[in-house]
Amino acid sequence: AAYDAIRKGDRAALHESFAEHLEGTLGTRSAEFDEFIGYHLERSHRLRAELGLRDERTASIGREAFEHLAAAGARAFQRGDTGAASNLLARASDLVSPDDPGRLRMGWQLGHALTESGAITAGIDVLRTTIDRARASGDEHAAGYAECVLWVARVISDPEIDVDLWESHADRLIALFEGLGDPQGAALAWMQKSYALWLRLRTEDSGSAAERAIEHARAAGDGYAETEMRGHHLAT
């Protein structure tokens with residue numbers, strides 16, 4: 001009741017100032033509280049928007065909230081908490097424009113988290129939208145990440161998927177990411193190659209592809225991809 005009695009403009013200012021206080025007080029530990037800081041900036045942004053204050057200050061607060069929530073979502077994704085990841089990344093996405101480069105770069109994580117949480121249709125929609133918008137803006141890098149994850153989502157929803165086509169696209173994505181010197185992207189692409197080979201009953205080749213994925217994942221510090229491929233490798 002006390003909170004609701006405060007005028008929206010004052011509430012927005014209080015949320016913003018508290019977030020600034022936390023960042024200033026926590027210093028190097030502020031990253032551990034990204035979700036909490038992001039929440040207060042998110043609230044400030046929403047309240048300002050509700051008041052019609054769609055100015056540069058509001059956009060700046062939204063951008064800062066996006067950075068904190070996206071970082072918290074990425075950490076949740078890496079530890080396998082897909083429910084938290086999808087919540088945090090979706091909220092972060094809502095704070096910036098659909099074509100924002102940062103939003104496009106994290107689209108693959110949101111799409112995958114949604115798919116793994118059981119929201120397969122929503123996950124596929126996010127991934128396809130990310131691919132289309134990224135390619136329209138010339139960001140083949142972001143499109144490639146989303147495409148890697150889309151193949152996994154598609155095979156879950158469509159058991160009759162064309163495995164030969166999947167493998168050929170995996171080869172193209174491997175060449176893309178290894179050419180860019182991007183180990184995380186290469187890890188995701190080799191994951192697709194390993195899965196496609198597994199479905200073609202080429203278990204030994206699938207295991208070799210999994211090993212390549214693990215190597216790239218280690219180089220990228222990507223615990224998610226490494227864990228996924230270690231489990232898969234044991235089955236080959």
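1. Helices (H or I, at least four residues) are DSSP runs, numbered from the N terminus. Ser86 lies in one of them, helix 5.

2. The model is predicted: local features need pLDDT of at least 70, side-chain atom pairs count only at pLDDT 80 or more, and totals for chains, interfaces and linings use all residues. Residues are numbered from 1 along each chain as its sequence is written, and side-chain values use heavy atoms, with hydrogens and water left out.

3. Helix 5 covers residues 82–93, which is 12 residues, and reaches 16 Å from its first C-alpha to its last. That is close to the 16 Å expected at 1.5 Å a residue, where the expected span is 1.5 Å times one less than the number of residues.

4. The buried residues of helix 5 are Thr82, Ala85, Ser86, Leu88, Leu89, Ala92 and Ser93. Buried means under 20% relative accessible area, exposed means over 50%, and partly exposed is in between (1.4 Å probe, protein chains only). These buried residues pack against helix 3 (34–50), helix 4 (56–78), helix 6 (101–105) and helix 7 (107–116).

5. Ser86 counts as buried because its relative accessible area is 11%. A polar atom of its side chain lies 2.9 Å from the backbone oxygen of Gly83. Not counting residues up to four places away in sequence, Ser86 touches Leu110, Ala113, Leu114 and Ser117; contact means heavy atoms within 4.5 Å.

6. Pro98 sits in the loop between helix 5 and helix 6. Its relative accessibility is 38%, so Pro98 counts as partly exposed. Arg133 is 35 residues away along the chain, yet the two C-alpha atoms are separated by 8.0 Å. Arg133 is also one of the contacts of Pro98, with Arg103 and Leu104, once neighbours within four places in sequence are left aside.

7. Leaving aside neighbours within four places in sequence, Gly185 is in contact with Tyr145 and Phe177. The C-alpha atoms of Gly185 and Leu127, 58 residues apart along the chain, are separated by 15 Å.

8. Phe18, Phe33 and Phe36 make a nonpolar surface patch of about 250 Å². Such a patch joins nonpolar side chains (Val, Leu, Ile, Met, Phe, Trp, Tyr) within 5 Å, from residues with over 30% relative accessible area and no salt bridge. A salt bridge is a side-chain nitrogen of Lys or Arg within 4 Å of a carboxyl oxygen of Asp or Glu. Phe18 is found in helix 2 (residues 8–26), and with a relative accessible area of 33% Phe18 is partly exposed.

Definitions and conventions. Patch = residues over 30% accessible without salt bridge, like charges linked within 9 Å, V, L, I, M, F, W, Y side chains within 5 Å. Areas by Shrake-Rupley, 256 points an atom, 1.4 Å probe, with all protein chains shown as cover. Helix = DSSP H or I, 4+ residues; strand = E, 2+ residues; numbered from the N terminus. Polar contact = N/O pair within 3.5 Å; in protein donor to acceptor, adjacent residues only side chain to side chain.
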